[in-house]
Amino acid sequence: MSKVAVFGAGSWGTAFSIVLADAGNDVTLWARREEVAQTVNAQRENSEYLPGIELPPAVQATHDVEKAMHGADVVVLATPSQSLRANLTEWAPYVEPGAVFVSLMKGVELGTLERMSQVIAEITDAGPERIAVISGPNLAKEIARREPAASVVACADEDVAKMLQARVHSPAFRPYTSVDVLGCELGGAYKNVVALSVGMAVGLGFGDNTTASVITRGLAETARLAMALGANPLTLMGLAGLGDLVATCSSPLSRNRTFGEKLGQGMTTADIYASTRQVAEGAKSCSSLLALAQRTGVDAPIAHHVDAVVDGRMTATEMMDAFIARDTKAETD
Ligand SMILES: NC(=O)C1=CN([C@@H]2O[C@H](COP(=O)(O)OP(=O)(O)OC[C@H]3O[C@@H](n4cnc5c(N)ncnc54)[C@H](OP(=O)(O)O)[C@@H]3O)[C@@H](O)[C@H]2O)C=CC1
Ligand SMILES: O=C(CO)COP(=O)(O)O
């Protein structure tokens, strides 16, 4: 069997380990806390992040970086986006020569405004042919329950994307290939920001017209920025764009939508952070995506207003009022 190392034993790292095992890989799941690795191995369950889900025997957990990397030709990264740089700097010396990196993360780094593939390229000596992204409508709990879903495996080198496609194709998980790494990453990061604003609308008690309007304008905003940066517009209409946007904005399982809902109900960002350990990437990436849009000269009203609400400079009600009051224009502008 081929070995894959998965770094990050949260919801998605653990759920994706199940996909990898079902697809025939031998998986070593690295957990930041030793007790999580011990519990996973002893109970065959990650009780903190995916309670009630039995992990296949091909998934073994460890807290030892060297042990996780040993023999792995694919290294899957599933930590929060904002900690990747520090994490990978520590892990890079243990990577097997020629191993391919796969980012599962959906965020943009604060300060540098880099996507995760760019951070990986900077920290390691890997070229674009060794850096891939997997992104799509893949809520961890549903994937862990083996509910059917599709996703996109993107790598600048199509042969590598095909190799990874074969490595992750399981009975319940259908991967498509793409060479548009940038489009997939921006689709994945931006939908979290849109889900925050949709969550706010839900928290304020608004219905489907409001959420559909925000989702659609969110897609337009995402596509505007992604295309200005060189993405293929069709990527944004696909699984890593529209697909993920719909799943995340519609599902009560989404941490970003839930975070937004709590903001809409009047909770502060600090209170929400204190109430959960789980990551809601959009709460950080709204600021970096807004800065990226400003640097690119692209209008980004959703990122702008979500950033203001998350930062406590505006209420969710004021955000919704501001959306409606904006200068009117043609839909396709
Ligand atoms: N959950 C989902 O449905 C999906 C998530 N993603 C993306 O995957 C990435 C990971 O998310 P997800 O697994 O859901 O997040 P979770 O909140 O479920 O888990 C986060 C994981 O990262 C670890 N972690 C937290 N802080 C650090 C740090 N500073 N250094 C190293 N590890 C750290 C946590 O360890 P500890 O338990 O010790 O805190 C935990 O294992 C995100 O970018 C997310 O957008 C993508 C698709 C689906
Ligand atoms: O990316 C996801 C689904 O594809 C998960 O979304 P949340 O991080 O909002 O839970």
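Visitor: Is lysine 191 buried or exposed, and why?

Guide: Count the C-beta atoms around the residue. A residue is buried if 20 or more other C-beta atoms lie within 10 Å of its own. Lysine 191 has 32 C-beta neighbours inside 10 Å, so lysine 191 counts as buried. Bear in mind that this is a predicted model.

Visitor: Where does lysine 191 sit, and what does it contact?

Guide: Lysine 191 belongs to helix α8, which covers residues 181–203. Set aside neighbours within four places in sequence. Lysine 191 is then in contact with Asp244, Leu245 and Thr248. The UniProt annotation "active site", from an unreviewed entry, covers Lys191. Such annotations may be inferred rather than shown by experiment.

Visitor: What confidence does the predictor report for the protein?

Guide: Where pLDDT is low, the predicted coordinates should not be read in detail. Here the protein averages a pLDDT of 97. A score of at least 70 is reached by 100% of the residues. For the complex, the predictor gives an ipTM of 0.99 and a pTM of 0.98.

Visitor: In which sense do β6 and β7 pair, parallel or antiparallel?

Guide: Strand β6 (residues 131–135) and strand β7 (residues 149–155) pair in the antiparallel sense. Look at the facing residues. Valine 133 stands opposite alanine 154 in β7. Isoleucine 134 stands opposite valine 153 in β7.

Visitor: And in which sense do β7 and β8 pair?

Guide: β7 and β8 pair in the parallel sense, over six bridges. Alanine 154 stands opposite serine 178 in β8. β7 is mostly covered, with five of its seven residues buried.

Visitor: Side chains in a strand: how do they point?

Guide: In a regular strand the side chains alternate between the two faces of the sheet. Now take one strand residue here. Isoleucine 134 is found in strand β6. Isoleucine 134 counts as buried because it has 28 C-beta neighbours inside 10 Å.

Visitor: What does isoleucine 134 touch, leaving out residues up to four places away in sequence?

Guide: Isoleucine 134 touches Val102, Leu104, Ser151, Val152, Val153 and Val168. Another pair shows how the chain folds back. Isoleucine 134 and methionine 105 are 29 residues apart along the chain, yet their C-alpha atoms are separated by 8.4 Å.

Visitor: Where does UniProt place the feature "binding site"?

Guide: The unreviewed entry places it at Gly8, Ala9, Gly10, Ser11, Trp12, Gly13, Ala140 and Arg255. Take two of these. Glycine 8 is in the loop between β1 (3–7) and α1 (11–22). With 25 C-beta neighbours inside 10 Å, glycine 8 counts as buried. Tryptophan 12 is found in helix α1. Tryptophan 12 has 26 such neighbours inside 10 Å, so it too counts as buried.

Visitor: Which residues come nearest to ligand 2?

Guide: There are 13 residues around ligand 2, and Asn138, Leu139, Ser254, Arg255 and Asn256 come nearest. Then ask which elements supply the shell. α8, α11 (239–250) and α12 (255–264) each give two or more residues. α11 gives the most, with three.

Visitor: Which backbone angle stands out at arginine 44?

Guide: Look at phi. Arginine 44 has a positive phi of about 55°, although it is not a glycine. Arginine 44 lies in the loop between α2 and β3. Arginine 44 is partly exposed, with 14 other C-beta atoms within 10 Å. Arginine 146 also has a positive phi, near 65°. Arginine 146 lies in the loop between α6 (140–144) and β7.

Note on methods:
Residues are numbered from 1 along each chain as its sequence is written. Chains are lettered from A and ligands numbered from 1 in the order in which they are written. This is a predicted model: local features need pLDDT of at least 70, side-chain atom pairs count only at pLDDT 80 or more; totals for chains, interfaces and linings use all residues. pLDDT is the predictor's confidence in each residue, from 0 to 100. Helices (H or I, at least four residues) and strands (E, at least two) are DSSP runs, numbered from the N terminus. A residue is buried if 20 or more other C-beta atoms lie within 10 Å of its own, exposed if 12 or fewer, and partly exposed in between; C-beta atoms are placed from the backbone. Two residues are in contact if their C-beta atoms, placed from the backbone, lie within 7 Å. Two strands pair if DSSP finds at least two bridges between them. A residue is near a molecule or strand if its C-beta atom, placed from the backbone, lies within 6 Å of it.
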